[in-house]
Amino acid sequence: MKHITVTLCLILIGGMCFAGINENAGTYGYKFLNVPCGPVALSLAGRGVFSIDNPGSFLLQPAVSCMNNQRLLGITHNMWLADTQVNMITYSFAQRKSHFGIAMRNLDYGEIENRDDTGFLIGNYHPLDIDITANYAHRLTPSFYAGGNLGILYQKLNTASSLALHTDLGFCWLPPVTDAKITLAGRNLGIANHTDEERVKLPTCFELDIAKGFSLAEQHFVLGGSAIQTLDEDLKGNINLECELFQILSLRGGYLLGYDAQDLSAGFGVKYKNISVDYGYGSFNNELNDVHSLGVTYRFK
């Protein structure tokens with residue numbers, strides 16, 4: 001089984017190296033749903049699915065949080081591209097047999113100048129994306145978990161607005177290999193109403209995540225990899241590594257494969273009693289600014 005898992009990872013990563021430009025590129029909207037909210041996700045190459053320090057992991061993989069036994073409240077702030085900001089509040093309650101979570105996130109574009117066809121300034125407007133998503137997951141067997149998300153997204157542009165109803169489905173399997181996990185998810189399934197007489201499609205994607213934990217010098221490491229297929233993009237992926245040192249400090253890093261403007265990511269987290277403070281960094285090229293994320297998580301006793 002170990003050889004099969006390693007071979008599958010190598011095939012997926014190798015295939016991503018030959019990705020081209022998808023013929024449907026640019027035909028889907030609501031890309032806000034795929035922004036990695038929070039420092040843990042950002043530092044682990046946009047994923048952080050298996051990190052117990054990520055209170056919003058169920059947004060990426062609806063089934064995986066069910067394996068934990070903890071109750072978290074997290075607040076995160078992303079300084080995103082082009083001076084935009086992504087904020088999120090998350091509550092996660094996992095009991096090993098079931099999980100309930102809810103998250104509210106928003107993308108704030110700030111004030112934008114509104115000009116007429118001649119370029120004359122006629123005012124300002126404030127675009128905004130707001131999403132509220134609820135999660136429920138359940139352990140079906142000792143090695144198999146399933147979960148789902150249901151969310152509603154509100155988007156306001158200049159004089160137009162729209163609503164979208166979206167759902168995510170996820171499955172997690174614990175193979176007969178020590179500290180290994182394999183998950184599959186279908187995300188952003190749903191429908192939106194018309195925006196300015198045009199119906200925009202949701203950025204539906206299908207994702208495979210694989211992780212293997214191991215110990216070295218009495219410290220715990222988790223090595224992971226992902227394959228991501230969005231309908232309007234070519235196959236993409238990443239590899240990431242998280243290391244927990246002395247149950248106090250977590251070091252994280254990742255590398256994105258098949259992305260035109262993204263590559264390296266890194267970050268860290270510090271725990272003190274019931275509080276965790278995390279930082280994430282994402283490197284962008286092609287004249288885009290690098291992004292940063294900060295988060296605070298409280299663990300209920």
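Start at Q247, which is exposed, with a relative accessible area of 64%. Q247 sits in the loop between β14 (236-245) and β15 (249-257). Its phi is near 60°, a positive value in a residue other than glycine. Keep in mind that this is a predicted model.

A217 lies in the loop between β12 and β13 (219-230). Phi of A217 is near 55°, again positive in a residue other than glycine. With 65% relative accessibility, A217 counts as exposed.

Now step back to the whole chain. The protein chain has two helices and 18 strands. Of its 301 residues, 48% count as buried. Consider the contacts with a separation of 6 or more: residues 24 or more positions apart account for 51% of them.

How confident is the predictor? The protein chain averages a pLDDT of 85, and 83% of the residues score at least 70. Confidence is highest in strand β18 (residues 291-299), at 95. Confidence is lowest in helix α1 (residues 2-16), at a mean of 44. Over residues 1-22 the pLDDT is below 50. Beyond near neighbours in sequence, this stretch still has 27 contacts in the model.

Next, go inside. The largest nonpolar core has 21 residues. Those with the most contacts inside this core are Y30, W80, V86, L153, A164, F284 and V291. Strands β2 (85-95) and β3 (98-108) each supply at least two residues of the core. Look at A164 in particular. Leaving out residues up to four places away in sequence, A164 touches Y30, G151, I152, L153, I191, A192 and L202. There is also a second, separate core of twelve residues, and L60, V64, C66 and C172 are among them.

From A164, move across to V200. These two residues are 36 residues apart in sequence, and their C-alpha atoms are 9.4 Å apart in space. V200 is in the loop between β11 (198-199) and β12 (205-216). Is V200 buried, exposed or partly exposed? It is partly exposed, because its relative accessible area is 25%, which falls between the 20% limit for buried and the 50% limit for exposed.

A loop residue can also be hidden, as N54 shows. N54 is in the loop between α2 (39-43) and β1 (69-79). N54 counts as buried, because its relative accessibility is 6% and buried means under 20%. Which residues does N54 contact, leaving aside its neighbours within four places in sequence? They are V40, A41, R47 and G48.

Now for the cysteines. C37 is buried, with a relative accessible area of 9%. C205 is buried too, at 1%. A disulfide is a covalent bond between the sulfur atoms of two cysteines. How many disulfides does a search of the whole structure find? It finds zero.

Last come the empty spaces. Rolling a probe the size of a water molecule over the atoms shows where such space is left. A search of the whole structure finds five cavities of 30 Å³ or more. The largest cavity has a volume of about 90 Å³. It is lined by 13 residues, and the closest to its centre are V35, C37, G56, L59 and L60. Two of these names have come up before. C37 is one of the buried cysteines, and L60 belongs to the second core.

Definitions and conventions
Residues numbered from 1 in each chain as written. Predicted model: local features only at pLDDT ≥ 70, side-chain atom pairs only at ≥ 80, totals over all residues. Heavy atoms only, no water. Disulfide = S-S within 2.5 Å. Buried < 20%, exposed > 50% of the residue type's maximum accessible area, 1.4 Å probe, protein only. Helix = DSSP H or I, 4+ residues; strand = E, 2+ residues; numbered from the N terminus. Contact = heavy atoms within 4.5 Å. Core = buried A, V, L, I, M, F, W, Y, C linked by side-chain atoms within 4.5 Å. pLDDT = per-residue confidence, 0-100. 1 Å grid on protein atoms, 1.4 Å probe; cavity = no way out; pocket = protein on both sides within 12 Å on 5 of 7 lines; lining within 4 Å. Points joined across faces, edges and corners; volume = space filled by probe spheres on them.
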